[in-house]
Amino acid sequence: MNHWIEIVRSRLNAEFGSHAWICVLATVNTQGQPTARCMVCREIDRDGQFWFVSDRRTRKDDHLRAFPDAEICFWLPNEAVQLRVSGRATVMDAQTDQYLRQNWWEKIPQSDHEIFGANPTDADPPMPGTFELISISPVTIELQDLKISAHQKQVWKTSSDGQLAEIM
């Protein structure tokens with residue numbers, strides 16, 4: 001596993017504890033204008049993919065289909081650290097990966113099923129066709145400590161072999 005994954009996970013866990021990892025996802029809309037919204041990052045997998053659940057009825061999914069370059073930013077106030085991740089997003093919908101979507105549907109908390117229109121009294125609601133996943137493959141990661149005047153940074157960038165390597 002890449003060393004940066006453990007560094008990032010430990011920083012997020014230290015900040016958020018058992019709470020959701022809240023970040024801002026920035027995309028470019030279909031008119032070429034920037035747009036941002038808060039999201040819950042559900043996981044950073046062992047390959048370094050950042051995972052989100054989404055709803056087909058939202059515009060961000062269309063934005064990412066048209067322009068897959070995206071950036072996510074976490075603010076960690078207890079440590080005065082900003083974590084920025086630039087990368088390429090992939091949207092998995094009902095036509096692309098039914099198996100992965102079903103696994104995530106079963107993995108998310110039951111209370112989150114209501115967001116997607118599931119009946120809150122249904123013990124095992126079926127996955128709606130609008131349930132989608134977004135994964136972001138990082139190209140650059142920047143961890144910036146803002147509590148000191150020199151603003152220390154750690155930066156990882158994709159190298160020629162496709163791996164993220166620390167450059168700062």
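Figure 1. E142 lies in strand β7. The model shown here is predicted. Is E142 buried or exposed? With a relative accessibility of 14%, E142 counts as buried, because buried means under 20%. Leaving out residues up to four places away in sequence, E142 touches Q82, L83, R84, K153, Q154 and V155.

**Figure 2. Strand β7 and how much of it is covered.** Strand β7 spans residues 131-145. How many of its 15 residues are buried? The count is 13, and the strand is mostly covered. In general, side chains in a regular strand alternate between the two faces of the sheet.

**Figure 3. Strand β7 beside strand β6.** Strand β6 covers residues 81-92. β6 and β7 run antiparallel and pair over 12 bridges.

**Figure 4. Strand β7 beside strand β4.** Strand β4 takes in residues 50-55. How many bridges join β4 to β7? There are six, and the two strands run antiparallel. Look for F52: it stands opposite I134 in β7.

Figure 5. Strand β8 is made of residues 152-158. Six bridges link β8 with β7, again in the antiparallel sense. Across this pairing, I141 stands opposite W156 in β8. Six residues sit between the two strands of the hairpin. Which residue here takes a positive phi? H151 does, with a value near 50 degrees.

**Figure 6. W4 and F50, a stacked ring pair.** The model holds five aromatic pairs by the rule used here. One of them is W4 with F50. The ring centres are 6.2 Å apart and the planes lie at 15 degrees, so the pair is stacked. Planes under 30 degrees apart count as stacked. W4 lies in helix α1 (residues 3-16) and F50 in strand β4, so the pair ties together parts that are 46 residues apart in sequence. Both W4 and F50 are buried.

Figure 7. How far apart are the ring centres of W51 and W104? The distance is 5.9 Å, and the planes meet at 25 degrees, so this pair is stacked. W51 belongs to strand β4, and W104 to helix α3 (residues 98-107). The pair links distant parts of the chain, 53 residues apart. W51 has a relative accessible area of 9%, so W51 is buried. W104 counts as buried because its relative accessibility is 6%. K107 lies over the face of W104, at 3.8 Å from the ring centre.

**Figure 8. An aromatic cluster.** Which residues form the cluster? W105, F116 and F131 make up one aromatic cluster.

**Figure 9. L12 in helix α1.** L12 has its place in helix α1. Its relative accessibility is 0%, so L12 counts as buried. Which residues does L12 touch, not counting residues up to four places away in sequence? They are G17, W21, I44, F74, L76 and L83. Q95 lies elsewhere: L12 and Q95 are 83 residues apart along the chain, and their C-alpha atoms are separated by 32 Å.

Note on methods:
Residues are numbered from 1 along each chain as its sequence is written. This is a predicted model: local features need pLDDT of at least 70, side-chain atom pairs count only at pLDDT 80 or more; totals for chains, interfaces and linings use all residues. Side-chain values use heavy atoms; hydrogens and water are left out. Buried means under 20% relative accessible area, exposed over 50%, partly exposed in between (1.4 Å probe, protein chains only). Helices (H or I, at least four residues) and strands (E, at least two) are DSSP runs, numbered from the N terminus. Two strands pair if DSSP finds at least two bridges between them. Contact means heavy atoms within 4.5 Å. Rings of Phe, Tyr and Trp (its six-membered ring) pair if their centres lie within 6.5 Å; planes under 30 degrees apart count as stacked, over 60 as edge-to-face and the rest as tilted. A charge sits over a ring if NZ of Lys or CZ of Arg is within 6 Å of the ring centre and within 35 degrees of the ring normal.
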